[in-house]
Amino acid sequence: MKSAVETLNPTRVRLTVEVPFEELKPSLDAAYKKINQQVTVPGFRKGKVPARVIDQRFGRGAVLEEAVNDALPKLYQEAVEEGELSPLGQPEVDITELKDNELLAFTAEVDIRPAIEIPDYSGIEVTVDAVEVTDEDVEKSVEQLRERFASTTVVERAAAEGDVVKIDLEARVDGEVLEDGVAKGIDYTIGSGELLDGIDEAVTGLEAGGSATFTSELKGGSAAGREAEVTVEVTSVSARELPELDDDFAQMASEFDTLEELRADSRKRLERMKRYDQATQAQEKVLDELIGLVEVPIPEKLLQDEVNTRKHNLVNHQLSQMGMDLETYLKLQEKSEEEFETELKEQAEKGIRTQFILDELVNKEKLNVSQEELTEHLMRRAQSSGMSPDQFAQAVVESGQVPMLVGEVARGKALAVVVEAAKVTDSNGDVVALDDEDEDGETVEASAEQQGEKRADEESGTSED
């Protein structure tokens with residue numbers, strides 16, 4: 001077999017392949033055998049029809065077509081390997097010549113990964129928010145814990161802000177009660193803002209047995225985004241009582257003996273969370289800087305496939321689970337369809353660039369993924385999917401997605417390498433050391449690498465084959 005590669009543009013090539021006819025013999029034999037099993041010829045047992053009879057009865061052309069269809073995938077793959085190409089998606093194949101007992105010639109056009117030059121990235125500098133935990137932050141955290149231990153007592157008076165009311169709701173659109181617009185026995189804290197706009201004003205001042213009607217835009221369900229007339233009936237009013245902020249509360253709500261120990265622990269937890277947020281912010285900014293340094297041509301078909309995939313996932317998975325269509329979603333987001341499509345294309349372009357760049361970095365830095373790293377990543381993915389590790393692992397293996405997981409881990413490691421090489425300072429001008437250990441012996445950098453896997457996966461969820 002002879003093959004040649006013609007570069008059509010930085011992301012597309014044309015393979016020209018010529019195959020001597022003798023190389024088609026295995027496929028010809030397979031074609032005769034397949035046809036033999038499918039036809040019946042008087043005077044011959046099934047499967048024992050001679051090749052010359054098949055040619056006479058059904059035509060040599062039918063045999064050649066079957067043989068070529070069998071041989072093409074293998075011949076194409078050999079040409080790809082010979083040309084050291086990284087194809088994206090399926091090729092467009094055109095048989096240019098087929099001479100019986102002489103020659104098969106065909107061309108195959110296919111998108112390929114572009115050649116990417118990774119420049120020196122050690123000069124990347126980014127600024128992130130400083131880790132600052134104020135006394136106000138600590139008190140807010142303790143107050144949230146205090147809210148969790150609040151008790152309620154039914155009272156015989158009008159409802160006021162902070163009270164918990166048990167309510168029944170009924171929503172009407174155009175005078176008709178919605179099938180999914182009726183709810184009973186909902187506990188709602190007045191002022192929490194957790195339900196419909198306007199409900200706080202409607203229930204404030206009502207006693208048990210009282211009702212009110214108000215207009216509000218529905219946030220979900222079959223009529224999401226539409227104005228509805230909502231009737232709310234209060235069935236009970238309960239006052240909330242917060243525990244005193246003292247050592248007794250600390251002992252009840254935590255493993256600490258004193259309120260000051262609880263506050264100190266809250267401060268440490270908030271600092272740790274802000275350090276993780278800082279590391280994530282560093283990743284995002286470093287990745288943006290890296291993308292800006294590298295020229296990445298993008299195959300148009302791959303880009304369109306990625307846009308379509310992202311749109312399909314949004315409409316058919318995320319929005320459908322919320323009982324919402326795209327039109328309603330765009331209305332809530334206050335975006336036109338054109339703005340949405342532009343934004344989606346920009347996200348897809350960034351995702352493809354991210355994957356190409358990080359994959360090239362994996363090769364350049366010779367990064368490998370250990371079994372331990374893969375297992376840890378699998379455990380995290382299983383947890384986020386709501387499946388047990390065993391179930392998730394089985395699903396990954398059965399669907400052939402192990403290479404995808406390996407790629408996610410490798411790209412996370414590649415991003416961590418770039419972040420480590422970059423100069424990261426905070427808004428106070430201090431250098432941020434991501435390799436500092438916390439009290440548990442874990443570095444923020446290690447956590448950042450795990451977040452990097454997630455970040456790289458989110459950015460590079462491309463639909464390439």
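1. Loop between H3 and E3. Glu 84 sits in this loop. Helices here are DSSP runs (H or I) of at least four residues, strands are DSSP runs (E) of at least two, and both are numbered from the N terminus. Phi of Glu 84 is near 55°, a positive value in a residue other than glycine. Most residues other than glycine have a negative phi. Glu 84 counts as exposed, at 74% relative accessibility. The cut-offs are under 20% relative accessible area for buried, over 50% for exposed, and partly exposed in between, with a 1.4 Å probe and protein chains only.

2. Basis of the note. The model is predicted: local features need pLDDT of at least 70, side-chain atom pairs count only at pLDDT 80 or more, and totals for chains, interfaces and linings use all residues. Residues are numbered from 1 along each chain as its sequence is written, and side-chain values use heavy atoms, with hydrogens and water left out.

3. Asp 174 is not a glycine, yet its phi is positive, at about 55°. Asp 174 belongs to the loop between strand E7 (164-173) and strand E8 (176-189). Its relative accessible area is 67%, so Asp 174 is exposed.

4. Overall form. The protein chain has 14 helices and eleven strands. Its radius of gyration is 32 Å, well over the 23 Å that the globule rule gives for 465 residues, so the chain is more spread out than a compact globule. That radius is taken over C-alpha atoms, and the globule rule is 2.2 Å times the number of residues to the power 0.38. The C-alpha trace spans about 100 × 60 × 45 Å along its principal axes. Of the 465 residues, 37% are buried.

5. Salt bridges. The structure holds 32 of them. The criterion is a side-chain nitrogen of Lys or Arg within 4 Å of a carboxyl oxygen of Asp or Glu. Side chains of opposite charge can pair when their charged atoms come close.

6. Arg 263 and Glu 139. These two form a salt bridge, with the closest N and O atoms 2.7 Å apart. Arg 263 lies in helix H7 (residues 259-293) and Glu 139 in helix H4 (residues 135-148), so the pair ties together parts that are 124 residues apart in sequence. Arg 263 is buried, with a relative accessible area of 19%. Glu 139 is partly exposed, at 32%.

7. Glu 341 and Lys 311. Here too there is a salt bridge, and its closest N and O atoms are 2.7 Å apart. The pair links distant parts of the chain: Glu 341 is in helix H10 (residues 337-364), Lys 311 is in helix H8 (residues 300-321), and they are 30 residues apart. Glu 341 is partly exposed, with a relative accessible area of 27%. Lys 311 is partly exposed, at 24%.

8. A pair within helix H10. Glu 349 and Arg 353 meet in a salt bridge through their side chains (3.9 Å, N to O). They are four residues apart in helix H10, so about one helical turn separates them. Glu 349 counts as partly exposed, at 23% relative accessibility. Arg 353 is partly exposed, at 25%. Elsewhere, salt bridges that share partners join Glu 6, Arg 12, Arg 14, Glu 92, Glu 109 and Asp 111 into one network.

9. Negative patch. Glu 22, Glu 23, Glu 78, Glu 81 and Glu 82 form a negative surface patch. Patch residues have over 30% relative accessible area and no salt bridge; like charges are joined within 9 Å, and nonpolar side chains (Val, Leu, Ile, Met, Phe, Trp, Tyr) within 5 Å. Lys and Arg count as positive, Asp and Glu as negative, while His and the chain ends are not counted. Glu 82 lies in helix H3 (residues 60-82). Its relative accessibility is 48%, so Glu 82 counts as partly exposed.

10. Nonpolar patch. Val 93, Ile 95 and Leu 98 form this surface patch, with about 220 Å² of accessible area together. Accessible areas come from the Shrake-Rupley method with a 1.4 Å probe. Leu 98 is placed in strand E3 (residues 87-99). Leu 98 is partly exposed, with a relative accessible area of 36%.

11. Val 409. This residue is found in helix H13 (residues 402-421). Val 409 counts as buried, at 1% relative accessibility. Its C-alpha atom is separated by 20 Å from that of Ser 388, which is 21 residues apart from Val 409 along the chain.

Key. Charge placed at Lys NZ, Arg CZ, Asp CG, Glu CD.
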